Amino acid sequence: MATENLFSQVVPVQVKGQGCEERRINVRVSIELQSTSNPIHRKELVVRLTEDTDPFFLYNLVISEEDFQSLKLQQSLLVDFSAFPQRFIDLLQHCIQEQNKDIPRFLLQLVSSGSHLDHTPSFLNVIETNPFKHLTHLSLKFLPGSDTDIKKFLATCLKCVKKEKLQLEQRLRKTEEDLTRQLNYTQQNLSEKSRELEKLRNEWTSNTASLSNRHTQELTNEKEKSLQMQAQYQQQYEQQKKELESLHQKTIQQLQNKLKELEITNKDLTERRYKGDSAIRELKAKLSAIEDECQRTKQEVLALRRENATLDAECHEKEKQVNQLQTRVAVLEQEIKDKDQLVIRTKEVLDATQEQKAILEENTEKKQIQVEKLEATLKSLSAELLKANEIIKKLQGDVKTLMNKLKLKNTVTIQQEKLLAEREEKLQKEQKELHEAESSLREKEQEVCKLQEQLETTVQKLEESKHLLKTNENVITWLNKQLNEIQMTKKQEVLGTSSPPSNTTARIGISPHNMINSRIPFLNSGLSYPISPLLAFQSFPDTASVKSANQQASGAKVHFNMPLSETHQCSETQPGLNVVTSHSTNKENGENLGLEAKYLKKREDSIPLRGLSQNAFHNAGTKSI
């Protein structure tokens, strides 16, 4: 038998029950594929629902290939048995992805027929929410785990915990050995590095003494060099000052020459303007004379037209003359227009020259003010420069001496700081490794303590469950003894033991047939308790109807292959049923018959045993009879 684990993750499930509010639980869904090949090659899909916080929460579902075919027809699935596990896992992963959303698209619902999840068959539905409706992709019926299943599950959990404990202990041992080795190694390194530090300190003191002697000699040499450099800088400064003065004078002369040239150009432009005005006046006089002549010619033409209408030849000649005069007028008009344009251009040139003249005058005034300011600043700067040069000379000497000292000290200190930094980094790394190892040790110790506490709690629960089993077995043996005694008395009565008729009527109600009828719920409850050998040979009427009624009440099935006879199907069984119902009413009223109170107390950690209370009350009823 080979098992293959396909899926084992915690999935949020919405639990629904009759008469109780909806709630969400984190349930671990584990899917396994079991294959057997001894008699016939078969594959079964095992789905298990468990809760990490509640070890008694267990629901199982076993789907064979035949069961899958019926499920496929019922829910109209389009997937084969080989592809069904992967499709189911995909739906579960969709539910896990949608769990953090406010309105998840995929949901898992565990719907139970009872008010709580108390050993009743429940349905696991995979639901997809659309804007229109809730679509159920898959609905699987899960059966609650029996006592043996829960015990097996708890045993497997214990095995896993023990394996994890052994692995953690081995890891702890390895880590302790590694840490001890690292501690020894780091201590050796620290001792070696402390020795190296002492050697370096001695070398550093000797080097500082030799370097100080060298510095004093170099300082004297550099002081002499600084005096020479000061003399050179003074000469360069005087030369630069003379060059600046000469440049300033050259710029002033250039500006003055530009002013003279601009004045000359201004005079020329004014003369040209006066000449243009005179030419315009002459042209205007000529125009007025030409206009007078034109008017006269027009009058003459009109007179000639009126007088000499008959003389075509003369008219043609005069028309020719008129045309010639008109062409001359047009030429004169064009000349007048050209002269007007020249006048406009000259005016524009005059305006531009006047603007340039004003700008140049403003620039000359500004430059003269700047020259005066520069002369004043030069005088003040020359005085300040003399003072500053003296101060600079002193400061340069001091700075050079200090810089040389600092350079030497910096070189020595940088080398030493590099060595110290490297060693400090190594020490810090080793300290970090030690702290990490200590923290890991503490965490592992805490984990070991937690595991030990869990082991102790599980051991206590196992002891309590064993104690409960012992008490239950004692109760069952006691009940079987009483049943055997009652059956022996019945057999003796049937064989012909002498007894009064009043007792026989009372004993007829407690026939083995009634005993078995009252005991069938106990047998169908799913628990394999010992049954007396006498009961196995009794004949039970209408067991099929009783089985069908009990199968509707409970999910587990127990088959009894017993020979049925029609001899006991008589009316004598009815009083026995009345006796049983009377004792069941006593149970509802709270009376515990047949057993002591300590065996019937309900404990919180105990596992419920189905069918036991019915047998107890049945036996108590037989005693009272």
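Visitor: By about how much of the helix are F84 and F88 separated in helix 2?

Guide: The model before us is predicted. F84 and F88 both belong to helix 2, which covers residues 84-97, and because they are 4 residues apart there, about one helical turn separates them.

Visitor: What describes a pair of aromatic rings?

Guide: Two quantities are used: the distance of the centres and the angle of the planes. The structure holds 4 aromatic pairs. One of them joins F84 and F88, with 6.2 Å centre to centre and 0 degrees between the planes. This pair counts as stacked, because the angle falls under 30 degrees.

Visitor: Are F84 and F88 buried or exposed?

Guide: The cut-off for buried is under 20% relative accessible area. F84 has 5% relative accessibility and therefore counts as buried. F88 is buried as well, its relative accessible area being 2%.

Visitor: Which residues is F68 in contact with, leaving aside its neighbours within four places in sequence?

Guide: The contacts of F68 on that basis are I63, L77, V79, D80, F81 and F84. Taking D80 as an example, 12 residues in sequence lie between its position and that of F68, while the C-alpha to C-alpha separation is 8.5 Å.

Conventions: Residues numbered from 1 in each chain as written. Predicted model: local features only at pLDDT ≥ 70, side-chain atom pairs only at ≥ 80, totals over all residues. Heavy atoms only, no water. Contact = heavy atoms within 4.5 Å. Phe/Tyr/Trp six-rings, centres within 6.5 Å; stacked < 30°, edge-to-face > 60°. Helix = DSSP H or I, 4+ residues; strand = E, 2+ residues; numbered from the N terminus. Buried < 20%, exposed > 50% of the residue type's maximum accessible area, 1.4 Å probe, protein only.
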